[in-house]
Amino acid sequence: MQENQKLSFIHLLPSFAAIIVDSFGFGLAYPVLTALLSTPSDHFLGHISPALRDFYLGLGFMLYPLFMFFGASFLGDLSDKWGRKKVLLICMAGLTISSVIMGFGILAGSVTMLMVGRAASGLAAGSQPLAQAAIADSSPKELKARNMAFVTLTVCIGIVLGPLLGGVLSDHTITPLFTYETPFFFTAGLAFLIGLWIYFEFNETFDPPPKTKLSWWGPFLVLFRAAKHPAMRWLTPTFFLMQFGFAIYYTIILVFLKVEYGYRSSYLGYFTGYLGICFVVSMLIVIPYVMKHIRVEKIAIVTLLLTGFFELFMTFVDNELLTWILAFPIGGFDVIAYSAMLTCFSNASDSANQGWAMGISGAVVALSFAAGGLTTNLIPLVGLHWIFFIGGVVMLFAGLILLLGYNIATLRDAEHAID
């Protein structure tokens, strides 16, 4: 029996590899794009104005989640029509090609190629939910919980490794072999190898039904349906504001470190990797404990307000060490709020609509990070510190909306109980 379990787990390894490359593909570009575009001293686009640099930086941050908003939903539908394996191969091929385009775009000094590659990588970013579905498909009941725990651990590894590798592999002061394009060629090679692994070792886990409709507009339909659902009507805007508030911090903090303290790309990678460790600590240690002892809505409200408070405090910070110290509560409380909000989404729908509920959350995350990326355009208007202020206010507002909705729901439940 143990040998069969071991063999079964080995067959799942290509899926876990796809999750890693997908999860670190998002964060890998952040330190690279920040170092490449945020200051006029760098070689890329040195002839343009700082305001236009801020625009291109925001565009680079925005394109990936925006195209992921459409691509993830479409690829999920496509996997229901063609099966998991074929679509995972499409994702790996898309990630390979888009990473090569970005790498050559930097070599050629072409912002157009860089942005096209960034958009294409977002369009191909559907392998994580597909691989997760494949793992769920092929996991026996007694091993499903264990395998899903490994999925969480794998995502955590990708969250930490992505920006860390992006920062280190792009820092030429470590070795002349490392340049701004190196992380993208590394990602292309890794995605290509994982694609080969999936082709030869991945066993199809899903038998597609004969007819499945495909639509690029799936995410909009999901959000439209959410607007008509009593609980989702206030959960969805709350979650958007929460993710938008954190996206502002995640985007602007790297520019802040680059501009204020002259961080090289490797140091930006170290910071983002440290932020990923804050996520991991909360996910693996804090969340399991608090979820057992406190009602999930209260957890979400308190952690949203705390995240907003600490992000608001960044408005007044001019100290490098304090910037690192504040990253821990901001990242830690945010990921707790994120997990609590996902649970609220799940609790708000019945067992037959869990996929729809998670689809709402995925669409909201993509849209909020796309909007957050554009906040770099506010830098010439209000400065870096006041953008942190905006992010903190947005996060606090999310907590207050959730508190209001929670009180209304509690009051309604009490009235029903009296009746």
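Modeller: A salt bridge is counted here when a side-chain nitrogen of Lys or Arg lies within 4 Å of a carboxyl oxygen of Asp or Glu. This is a predicted model, in which local features need pLDDT of at least 70 and side-chain atom pairs count only at pLDDT 80 or more, while totals for chains, interfaces and linings use all residues. Residues are numbered from 1 along each chain as its sequence is written, and side-chain values use heavy atoms, with hydrogens and water left out.

Biologist: How many salt bridges does a search of the whole structure find?

Modeller: Side chains of opposite charge can pair when their charged atoms come close. The search finds two salt bridges; in one of them Arg264 meets Asp171 at 3.0 Å, N to O, and in another Glu297 meets Arg295 at 2.9 Å.

Biologist: Is Asp171 buried or exposed?

Modeller: Buried means under 20% relative accessible area, exposed over 50%, and partly exposed in between, with a 1.4 Å probe and protein chains only. Asp171, at 2%, is therefore buried, whereas Arg264, at 36%, is partly exposed.

Biologist: How many aromatic pairs does the structure hold?

Modeller: Rings of Phe, Tyr and Trp (its six-membered ring) pair if their centres lie within 6.5 Å, and planes under 30 degrees apart count as stacked, over 60 as edge-to-face and the rest as tilted. The structure holds 24 such pairs; in one of them the ring centres of Phe239 and Tyr338 are 5.8 Å apart with planes at 35°, so this pair is tilted. Phe239 is buried at 0% relative accessibility, whereas Tyr338 is partly exposed at 29%.
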